[in-house]
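Please look at the sequence together with the model before reading on.

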Amino acid sequence: MTKDKDERKRSHLKLVVNNPEIRSARPAAAEQEFVPLEELIANRDLFRPAFYRGMGRLQTKGYQTLERFLAGRGAPYGIDPIHGKVLVLPAGSVSPESLEFGSPQDEVLLSISEDAGGTGLCFSLEMILPYFSEDDAVMEEALLFAPVLQYGALFLEENPHDGMLDLIYRLAVPLFPPLLTTRLAERMFSIFSFELKETFLALSDYPEG
């Protein structure tokens, strides 16, 4: 009886609540100290020189355009020069549904990086979805249960902090010509918000074992 009860406890998807230091895409390496989003936002101007240091011209222009876009939206964002050079946003500022289904600590990572072919740049928005299970099979089933999206992709990745699988949504587009525009950023944010909503609604109906 006890064993059956324990199995039922582990056999469904749970929400991750208020533990960003563990269930986060930052830091990228175990030896790197976690920097809270609030600190990244508050020290944005202080971190900016280190963020742009050594960055290529086109990548710099892309991030500067992205910063202007976020400022124009009045979006709170942080600059992280340590963990892969990303801009970090509270997920609720992009997807209102993330506040309903997740927590205020959920983050969206924005990056402009070299594309897979090494011939241009790629703009991506990424979020760890606020669901987890200690059972890898449950996470794999949740991925299959989630909707097939038109633009973004869902995938599983092992979290280096605890070895558990994370369910991640990522939307990425190549920049060609290699310049980010306000129109493209607006479109990507719109798609990101819509597809996250669809995913949250689907996973909220995920059958609990």
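The structure is a predicted model, in which local features need pLDDT of at least 70 and side-chain atom pairs count only at pLDDT 80 or more, while totals for chains, interfaces and linings use all residues. Residues are numbered from 1 along each chain as its sequence is written, and side-chain values use heavy atoms, with hydrogens and water left out.

**Salt bridges**

Side chains of opposite charge can pair when their charged atoms come close. A search of the whole structure finds four salt bridges, a salt bridge being a side-chain nitrogen of Lys or Arg within 4 Å of a carboxyl oxygen of Asp or Glu.

| Pair | Distance (N to O) |
|---|---|
| Glu67 and Arg48 | 2.7 Å |
| Arg73 and Glu186 | 3.2 Å |
| Arg170 and Glu126 | 2.5 Å |

The salt bridge between Glu67 and Arg48 links helix α4 (residues 57-73) to helix α3 (residues 44-52), across 19 residues of the chain; helices here are DSSP runs of H or I with at least four residues, strands are runs of E with at least two, and both are numbered from the N terminus. Glu67 is buried at a relative accessible area of 8%, whereas Arg48 is partly exposed at 23%, where buried means under 20% relative accessible area, exposed over 50% and partly exposed in between, with a 1.4 Å probe and protein chains only. Asp45 joins Arg48 and Glu67 in a network of salt bridges.

The salt bridge of Arg73 and Glu186 connects α4 with helix α7 (residues 182-204), and the two residues are 113 residues apart. Arg73 counts as partly exposed at 35% relative accessibility, and Glu186 likewise counts as partly exposed, at 40%.

In the salt bridge of Arg170 and Glu126, Arg170 belongs to strand β8 (residues 165-175) and Glu126 to strand β5 (residues 121-128), so the pair ties together parts that are 44 residues apart in sequence. Arg170 is partly exposed at 32%, while Glu126 counts as buried at 13%.

**The sheet**

Six strands form an open sheet with antiparallel pairing, in the order β2-β3-β4-β5-β8-β7, two strands being paired if DSSP finds at least two bridges between them. Because β2 (78-80) and β7 (153-158) each have a single partner strand, they stand at the edges, and one side of each is left without a neighbour in the sheet. Within the sheet, strand β4 (residues 107-114) and β5 pair in the antiparallel sense over six bridges, and Ile112 has Phe123 in β5 as its bridge partner.

**Helices on the sheet**

Helix α3 packs on the sheet and touches β2 and β3 (86-90), contact meaning heavy atoms within 4.5 Å. Helix α4 also packs on the sheet, where it touches β2, β3, β4 and β5.

How are α3 and α4 placed against each other? They pack at an angle of about 155°, with their axes 11 Å apart, the axes being lines fitted to C-alpha atoms, for helices over the stretch in contact, and the angles running from 0 to 180 degrees between N-to-C directions. That makes α3 roughly antiparallel to α4, since angles under 35 degrees count as roughly parallel, over 145 as roughly antiparallel, 65 to 115 as roughly perpendicular and the rest as oblique. Where the two helices meet, Arg48, Phe51 and Tyr52 in α3 face Thr60, Tyr63, Gln64 and Glu67 in α4.
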